Amino acid sequence: MIRLCNLERSYKTPAGQTWVLRRINLEIREGEFITIMGPSGAGKSSLLNVLALLDDNWQGEYWFRAQAVHEIKRKQRSELAKRNIGMVFQSYHLLDDLTVSENIDLPLSYKDVPHRERQSLVADTLDHFRIVAKKDLFPSQLSGGQQQLVGIARAVIHKPALLLADEPTGNLHSSQAKEIMELFRTLNQQGTTIVQVTHAEANAAYGSRTIQLRDGWMVSDTSNPELQPYEAVKQ
Amino acid sequence: MTEAGQPLIQIENLTKIFYTDEIESHALSGIHLSLNKGEYVAMSGPSGCGKSTLLSIIGLLDTPTGGRYSLNGKTVENLDFTERSRIRNQEIGFIFQSFNLIGDLTVYENVELPLTYRQKMPAADRKARVMEALERVGMAHRVRHYPSQLSGGQQQRVAVARALGGRPSILLADEPTGNLDSRNGEAVMELLQNLHREGATICMVTHDPRFAKHAQREIHLFDGKVVREEELKKLMADVHA
């Protein structure tokens with residue numbers, strides 16, 4: 001699905017150049033569930049932002065399916081991201097003055113989805129995530145775990161092929177975190193490719209493969225033999 | 001539109017009771033408050049005093065248990081859900097402590113969002129509104145950036161622009177500087193003061209007395225009631241004694 005070749009990212013500071021990502025070579029296959037780990041400042045979030053097509057200041061090659069991302073302009077990158085990628089954030093990024101169903105509807109307002117179809121997609125998603133009863137509540141009336149559930153519902157309502165999550169359970173207690181990870185597993189089994197950044201070993205155990213970063217370098221890449229990627233299982 | 005002399009917000013004997021496991025907690029016990037168009041008011045008080053509950057009710061995110069609330073001459077305490085949403089969308093702009101920008105949308109898209117959402121507005125008008133709002137907060141040069149490429153202070157400016165885009169009659173800010181360092185906090189306060197000079201009505205919740213002083217008028221809450229400043233000092237002294 002994704003291939004990064006010699007991808008590098010750096011900042012210019014008065015003291016010189018600071019490297020954030022160094023010669024990253026990474027292949028992500030359809031249906032994988034990948035965990036990116038490493039200490040703070042290792043480049044995890046930077047890598048996720050590059051994958052999400054939110055960042056343009058990198059060198060190297062980035063292939064998304066047959067598309068050479070390094071050769072296309074910002075506008076096309078945004079289009080590509082909106083069609084194919086969903087994002088989940090540690091702090092949920094919900095709008096506090098919109099209800100649960102309005103928050104879930106948001107990504108659809110950026111696609112040319114007819115109004116009636118939007119309504120039925122929102123209804124399906126509420127149903128799928130078992131939050132129909134919460135649809136008219138505001139985020140402040142929900143627990144953290146429920147807010148993240150809404151955050152994930154919003155990220156997947158347009159059925160993206162790739163789901164990116166930056167510390168999705170970082171603000172949750174462990175039983176809520178477990179529920180969120182179970183949900184990721186289900187989404188992955190239904191065919192969504194997932195890349196998550198996390199500090200928690202417990203979360204990494206849900207992934208089919210773990211990548212370790214240190215000071216911007218990829219220092220290890222190990223597969224979890226018990227959890228083969230969905231596509232491999234299917235074959 | 002508000003007629004001259006008529007308050008924008010008029011609250012009488014407002015109460016809010018939360019029920020949890022058959023225990024009643026009185027978050028607000030008889031609030032009287034009136035706020036005129038063009039005023040800049042700060043609400044402060046210790047945590048649990050009811051200031052955020054009051055802001056939620058003023059913002060039509062929550063309903064009172066009892067009392068009266070009129071906004072822009074309209075009685076709003078007993079409206080149904082849809083009507084409340086409609087009025088909220090037209091009349092109220094929110095600014096939150098944690099900015100609440102969406103990370104995978106650009107600055108422009110974040111500000112445009114509330115406008116695309118409910119109002120049938122021609123694309124050209126929408127664009128003009130978004131750019132106007134971003135210019136007012138000094139962020140027009142960052143339209144294509146993503147939130148992660150901005151400092152906290154810049155993110156809060158974008159959030160203020162998002163609140164301004166709908167041309168609300170009142171801006172409600174809940175601890176707008178709570179996640180900012182003091183320099184960025186001051187800059188956001190300065191921005192609110194400028195907006196107030198240009199005619200905006202602002203109601204801000206803060207626990208920081210330095211920032212409360214930026215407002216024209218300070219309202220002190222304690223145990224769900226409005227109290228005078230001297231009274232609050234005495235009550236706080238009693239609590240700590």
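Student: What makes helix H5 and helix H6 of chain B count as roughly parallel to each other?

Tutor: In this predicted model, H5(B), residues 152-165, and H6(B) pack at an angle of about 20°, with their axes 9 Å apart. Axes here are lines fitted to C-alpha atoms, for helices over the stretch in contact, and angles run from 0 to 180 degrees between N-to-C directions. Angles under 35 degrees count as roughly parallel, over 145 as roughly antiparallel, 65 to 115 as roughly perpendicular and the rest as oblique, and H5(B) and H6(B) are therefore roughly parallel. Helices themselves are DSSP runs of H or I with at least four residues, strands are runs of E with at least two, and both are numbered from the N terminus.

Student: Which residues of H5(B) and H6(B) meet?

Tutor: Gly152(B), Gly153(B), Gln156(B), Arg157(B) and Val160(B) in H5(B) meet Asn184(B), Ala187(B), Val188(B) and Leu191(B) in H6(B), where contact requires C-beta atoms, placed from the backbone, to lie within 7 Å.

Student: Why is Asn194(B) called partly exposed?

Tutor: Asn194(B), which lies in H6(B), residues 182-197, has 13 other C-beta atoms within 10 Å. A residue is buried if 20 or more other C-beta atoms lie within 10 Å of its own, exposed if 12 or fewer, and partly exposed in between, so the count of 13 makes Asn194(B) partly exposed.

Student: How do you know whether Glu167(A) is buried or exposed?

Tutor: Glu167(A) is found in the loop between strand S7 (162-166) and helix H6 (174-189) of chain A, and because it has 20 C-beta neighbours inside 10 Å, Glu167(A) counts as buried. Although Glu167(A) is not a glycine, it has a positive phi of about 45°.

Student: Why does Asp215(A) count as partly exposed?

Tutor: Asp215(A) has 14 C-beta neighbours inside 10 Å, so it counts as partly exposed. It lies in the loop between strand S9 (209-214) and strand S10 (217-223) of chain A, and has a positive phi of about 50° although it is not a glycine.

Student: Why is helix H1 of chain A said to be largely enclosed by the rest of the structure?

Tutor: Seven of the eight residues of H1(A), residues 44-51, are buried, so the helix is largely enclosed; Lys44(A) and Ser46(A) are among them.

Student: How are residues and chains labelled, and which pLDDT limits apply?

Tutor: Residues are numbered from 1 along each chain as its sequence is written, while chains are lettered from A and ligands numbered from 1 in the order in which they are written. Local features need pLDDT of at least 70, side-chain atom pairs count only at pLDDT 80 or more, and totals for chains, interfaces and linings use all residues.

Note on methods: Two residues are in contact if their C-beta atoms, placed from the backbone, lie within 7 Å.
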